Amino acid sequence: MTQSKREVSQRYDLFATPVVTWEHEQPDLNAALKQALVDDPFYRSPEQAQKSDSINLCDLADKVPAFKQLEMLALADLTEYCRQIGWIGEFDVEMQMFANVSAARHYVPSHNHVAHIASVYYVATTPTEKPVLEAQSAMKNYWQPAEGALILHDPRFNASLMGGWQFHAHVHPRPGLMIMFPAFVWHEVVPHFQPDPRLSIAVNFTLTYRDVDQAQKRTTLTVDPA
Ligand SMILES: [Fe+2]
């Protein structure tokens with residue numbers, strides 16, 4: 001009796017979605033950012049949530065040292081993110097940095113960002129004992145998410161709708177957390193119920209090679225191999 005040849009399977013996990021977090025110990029920076037946002041009457045106006053991305057905090061960085069410090073921190077993290085995903089070279093960077101001041105019960109519906117890389121830095125959040133990121137959060141958490149959580153949706157078309165591809169990630173922010181992910185990732189923010197507003201600052205990055213129109217330039221970035 002002849003034995004049949006064993007068939008060999010090969011698995012490829014294609015199209016990974018790189019998400020990187022940093023837990024920065026920056027209480028002084030957080031206090032200064034909080035003060036800058038609380039001092040600005042714009043963030044107390046009723047329409048601030050829909051207009052907040054019209055103010056690029058990079059434009060205020062020369063006047064507000066905390067914004068400058070966060071800009072530098074975000075660029076340092078961007079450099080590491082680019083190195084990790086293999087974007088090596090010299091880039092011009094369009095950088096949009098804007099604050100989110102969210103009162104209790106404020107909900108941010110599912111959206112993505114018009115950029116290459118999106119990031120969020122958290123200044124003040126709901127206290128939590130949960131891990132920073134649950135990569136494959138249980139399905140019950142999709143329908144019953146934790147207070148103040150950031151939900152990252154599976155970016156694959158029809159994922160989270162079709163049985164078997166219902167993955168999502170649950171992020172439990174805390175002050176000093178920076179998270180960076182591809183801007184195409186759909187995400188939403190669950191309401192909190194704390195007396196003080198949740199404060200976060202979103203940073204969008206669009207990277208191009210150096211021969212871009214001067215008017216679009218913000219700063220430059222060089223990513224050397226590790
Ligand atoms: Fe967002």
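# A chat about the sheet and its helices

Visitor: Hi! Which strand order does the open sheet have?
Guide: This is a predicted model, and its open sheet of six strands has the order β1-β8-β4-β10-β2-β11, with antiparallel pairing.

Visitor: Which strands stand at the edges?
Guide: Those are β1 (20-23) and β11 (219-223). Each has a single partner strand, so one side of each is left without a neighbour in the sheet.

Visitor: And by how much are neighbouring strands turned against each other?
Guide: On average by 25°, with direction ignored.

Visitor: What packs on this sheet?
Guide: Helix α3, residues 65-85, packs on the sheet. It touches β1, β2, β4 (117-124), β8 (177-182), β10 and β11, and its direction makes about 35° with that of β11.

Visitor: Which residue does Glu94 stand opposite?
Guide: Glu94 stands opposite Thr206 in β10.

Visitor: Let's zoom out. How many helices and strands does the chain have?
Guide: Its secondary structure comes to four helices and eleven strands.

Visitor: What box do the C-alpha atoms fill?
Guide: Roughly 85 × 45 × 30 Å, taken along the principal axes.

Visitor: What share of the chain is buried?
Guide: Of the 226 residues in the chain, 27% are buried.

Visitor: And what about contacts between residues at least 6 apart in sequence, how many of them join residues at least 24 apart?
Guide: That comes to 87% of those contacts.

Visitor: I'd like to hear about α3 again. Which of its residues are buried?
Guide: The buried ones are Ala66, Phe67, Leu70, Glu71, Ala74, Asp77, Leu78, Tyr81 and Cys82. Seen down the axis of α3, they fall within an arc of 145°, so they line one face of the helix.

Visitor: Why would residues a few places apart point the same way in a helix?
Guide: An α-helix has 3.6 residues a turn, so residues three or four places apart point the same way.

Visitor: Nice. What's exposed on the other side of α3?
Guide: Pro65 and Met72 are exposed there.

Visitor: How far apart are the end C-alpha atoms of α3?
Guide: They are 30 Å apart. At 1.5 Å a residue, its 21 residues should span 30 Å, which agrees.

Visitor: What comes just after α3?
Guide: Gly86 does, and this glycine takes a positive phi of about 90°.

Visitor: Now α1. Which residues are buried in that one?
Guide: In α1, Asn30, Leu33, Ala36 and Leu37 are buried. They cover an arc of only 125° around the axis, which puts them on the same side of α1.

Visitor: What covers them?
Guide: The cover includes α3, β2, β4 and β10.

Visitor: Which exposed residues are on the face turned away from the buried side of α1?
Guide: That face carries Pro27, Asp28, Gln35 and Asp39.

Visitor: Changing topic: which way do the residues of β7 point?
Guide: Strand β7 covers residues 168-171. His168 and His170 point one way, Ala169 and Val171 point the other way, and all are buried.

Visitor: Which strands does β7 run antiparallel to?
Guide: Two bridges join β5 (residues 133-134) to β7, and four bridges join β6 (residues 150-153) to β7. Leu133 stands opposite Val171, while Leu152 stands opposite Ala169.

Visitor: What is the phi of Asn158?
Guide: It is near 70°, a positive value in a residue other than glycine. Asn158 is found in the loop between β6 and β7.

Visitor: Is Asn158 buried or exposed?
Guide: Asn158 counts as exposed, with 8 C-beta neighbours inside 10 Å, because the cut-off for exposed is 12 or fewer.

Visitor: Last one: where does Pro197 lie, and what does it touch?
Guide: Pro197 lies in the loop between β9 (187-189) and β10. Not counting residues up to four places away in sequence, Pro197 touches Val101, Ser102 and Ala103. Pro197 and His106 are 91 residues apart in sequence and 9.3 Å apart in space, C-alpha to C-alpha.

How values were computed. Residues numbered from 1 in each chain as written. Predicted model: local features only at pLDDT ≥ 70, side-chain atom pairs only at ≥ 80, totals over all residues. Pairing = 2+ DSSP bridges. Axes fitted to C-alpha atoms, helices over the stretch in contact; angles between N-to-C directions. Contact = placed C-beta atoms within 7 Å. Buried ≥ 20, exposed ≤ 12 C-beta atoms within 10 Å, placed from the backbone. Arc of directions from axis to C-beta. Expected span 1.5 Å × (residues − 1).
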